Structures are given as structure tokens and as C-alpha cells.
Amino acid sequence: MSRLALLGGTPVRTQPLPSWPKWDDQERRELLAVLDSGNWWRLAGTKVRAFEAAFAAHHSAPGCWAVTNGTHGLELALLAAGIGPGDEVVVPAFTFISTATAVMRVGAVPIAADVDPGTFCLTPASAQRALSPRTKAIIPVHMAGQMCDMDQFHSLAKSHDVHLIEDAAHAPGATWAGKSVGTTSKAAVFSFQQMKVLTAGEGGAVIAHDSDMLERLFLYHNVGRPAADRRYQHLVPGSNYRMSEWQAAVLLGQLSRLNDQTALREAHASALDRALREVPGIRPQSRHPKALTHTHYMYMFYYDSEAFGGVSRSGFIQALNAEGFPAYPAYPVIYNTELFASVAHRQPGKCPNAEGIANEVVWIHHRFLLGDEADALSLIPAIEKIREGAEDLVTKAKGAASA
Ligand SMILES: *Cc1c(COP(=O)(O)O)cnc(C)c1O
């Protein structure tokens, strides 16, 4: 048996996994073009505009506004949809906190609803149970890049007269039943933070299909000012959510690689899904057959500590990190954060599926799917090595606890 890297042995990955982010001369050229143009903000430059046009076209949407980041994109979409104090917005209990804090920042109340235990996506049925006469919107989160059931969400939103705002932070280019992300909602919001599948370090975008919404999004993101304004016209209480030309220069290069990278991640994630069926104690995120394009921002799986001699999830993650894999624990359930303990909210009931995921799921950053198939599948010997070394890990944890 080989010694665990965490305990001083040689890691499974003697060669590092692919790095992230990726760039080449295209980004370098675009950045220098911005520099030499002297136009570094969107209202004078051309790069943000070019990126918005390309990103909208990528999603068959009539319009897109690039913004400072995904969190601001969610706030902006909520503001432009007219959501504010006195309103409730249904969000998944299992998501990154921004989905909920954006709702709070516009003065509305986030209501957590449960997700599917297989796909980790908000379900229309649990969202429906969380509705009240105050509900103005639902924010489905396309978890890890797998889209929620947007057909059912569309019918639910229509019959209850609420808006859908998609949190597509993980999901640029994702599709549901042949339709692009963003097609059946008031707006879809993306994040270009460093870890995401499309990145400029920071950044975000909002796409929308109705022209009135697109106009309101522009106003709110531009301190209430129409595009052609020359006399300090401020029509709505907006803020400055504008993206800089630098970010767009990088994103133009990033976008040109997105389809190829998504195809690689799809191929390697499905090879891994198949291989992991034979591995006891590990159960990957399941795939809905209508979620045709999954962008795999994260590769997620349940970890059953009993199948690993009682090694805790955090012990497993530490050991996997030492073997060379960028693994992390799943997000906490939003209502279990310190934030939720300190602010007024209505919680109609516990969300057992979200709690199970928060407690048991491990995710690995998508960069490990961007090499060849053997890189992705090298996760399996790493997992088996940890199983074999479980006793040593438990002894080490006990020693640390009694020291
Ligand atoms: C990353 C993320 C956000 C926020 O995006 P930022 O660009 O980091 O502000 C929102 N929702 C989800 C689900 C995310 O993962």
C-alpha cells in the first residue's frame, strides 16, 4: 500500500492537473488594444460592447449587459424587475450565498426552498410550496451548470404571476431541452469570477429577452442614466454596475474557448460518472436527461464516510487535496449561516435534501476536467488510496484531537 500524500507519501498526481484560468495571445492582444486606445470605460470603448453582443448571440438573446460581478448582476436584475421592500423571493436553500444576499440588498426577503437530492437543483414543487401572496420572483440556480427544469418553472411562474430570474453563475452556454439558458425568464445572471468557467477575475453579465427589461437593466446599471444622456439625466435610483474595458478584453478571448472547454468537461465528466458507479461510498450529481448541455463548473459527489472507515468529509478533502485534486466541501444551507441567524426571514420549513448535500457533498473544481481523460480518471486511484489509508487518517485525526 502506498502512503497517503497527507502523511508524507508521494501524491497520485506527480504531474499537476491543468491550471486555471487559461489564456493566450488573444487576451494579450485585446488588452493591449484597450491600453493603446485610451478608452478604458465602456461608454467610450468598444470591447464591452463587442463582448455583450457575442455573449447575447451565444445565448440567442436579443440583449446583454456586462456588469461588475455576478452578485451585482443579481441585484441589478431584481431592481430592474421592480422587486424591493415588502416582497419575497424564493431561492434554493442550497446555493452560494449571493443568491440570497442580493435579495436582501434590494430590501426583499429571501425564502429558502428545497432542492432535488440528485441534481442539486431547486425543484418547481418545493418552490411552489414556498410561495406566498408577497412572492414576486423565484431564482432557480443552475447548480454546477446543470439547468433546473425551466419548462416547469415557466408554467409555475406564469400561473402565479411571479418573475423568474435565473442564477446562471455556473452555467454560460447551458441548455434545457434544446433551449438556451435565459430563454424563458425575466433575466439570467452570470458570474465571471476567477473560478468560474468564463472569467476575467471579476465580472458578470445579465441577459434578457424583453426590450423593456433590457432598457431598465441599462438604466439601473448606469446610475439611472440613459445611454445618450449628455445633461445628467437620472431616471431611476440605479448604481454603477458597469464593466471595464479590461475585463471585456479578457472575456472576448475566454468566450472563444467556452464551447470547446464545455465539450471537454462533458466528455470527461461522463467518463468519470460511469467509472464512479463501481466505487462504493461515492455518488455523483445525477443528470436530468433534458439538461442537454451541462457546463460542469464543479464536479460534485456525495461522500459516505462509512465506506471510508469513518474518515470525515473534511479529512477526505484534505487527503484529496494532498493527492493533487482541487476539492472543497459543498456550500452550507443558506439558513444555517450566521447571516440568516441575524436577519429577519420567513422559513416555511426545513430543507432536508439541501442539508444532506451541504453535509455530505464534495466538489472538485472543473480545471481537472480540462486535461485528457486519464487526468480526470486519476481521481479514482486517489479515492481508492484514501480508502486504503483510512485507518492511518483516523489514527492521525484521533491523535490531533487528543493532543
Ligand atoms: C459565483 C456565484 C455568484 C456570485 O458571483 P460573483 O461574480 O462572485 O459576485 C452568484 N451565484 C452563484 C451560484 C455563484 O456561484
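Student: What makes helix H3 (70–80), helix H4 (98–105) and strand E8 (187–191) contributors to the lining of the largest pocket?
Tutor: Each of these three elements supplies at least two residues of that lining. Helices (H or I, at least four residues) and strands (E, at least two) are DSSP runs, numbered from the N terminus. The model is predicted: local features need pLDDT of at least 70, side-chain atom pairs count only at pLDDT 80 or more, and totals for chains, interfaces and linings use all residues. Residues are numbered from 1 along each chain as its sequence is written, and side-chain values use heavy atoms, without hydrogens and water.

Student: How is the lining of the largest pocket divided by class?
Tutor: There are 12 nonpolar, nine polar and three charged residues. Ala, Val, Leu, Ile, Met, Phe, Trp, Tyr, Cys and Pro count as nonpolar, Asp, Glu, Lys and Arg as charged, and the others, Gly among them, as polar.

Student: Which element gives the largest share of the lining of the second largest pocket?
Tutor: H14 does, with six residues. By class, that lining has six nonpolar, five polar and two charged residues.

Student: Why are E10 and strand E11 (residues 298–303) called paired?
Tutor: Two strands pair if DSSP finds at least two bridges between them. Pro-284 stands opposite Phe-301 in E11.

Student: What is the strand order of the open sheet?
Tutor: The four strands follow the order E10-E11-E13-E12, with antiparallel pairing. Strand E10 (282–284) and strand E12 (327–329) are the edge strands, as each pairs on one side only.
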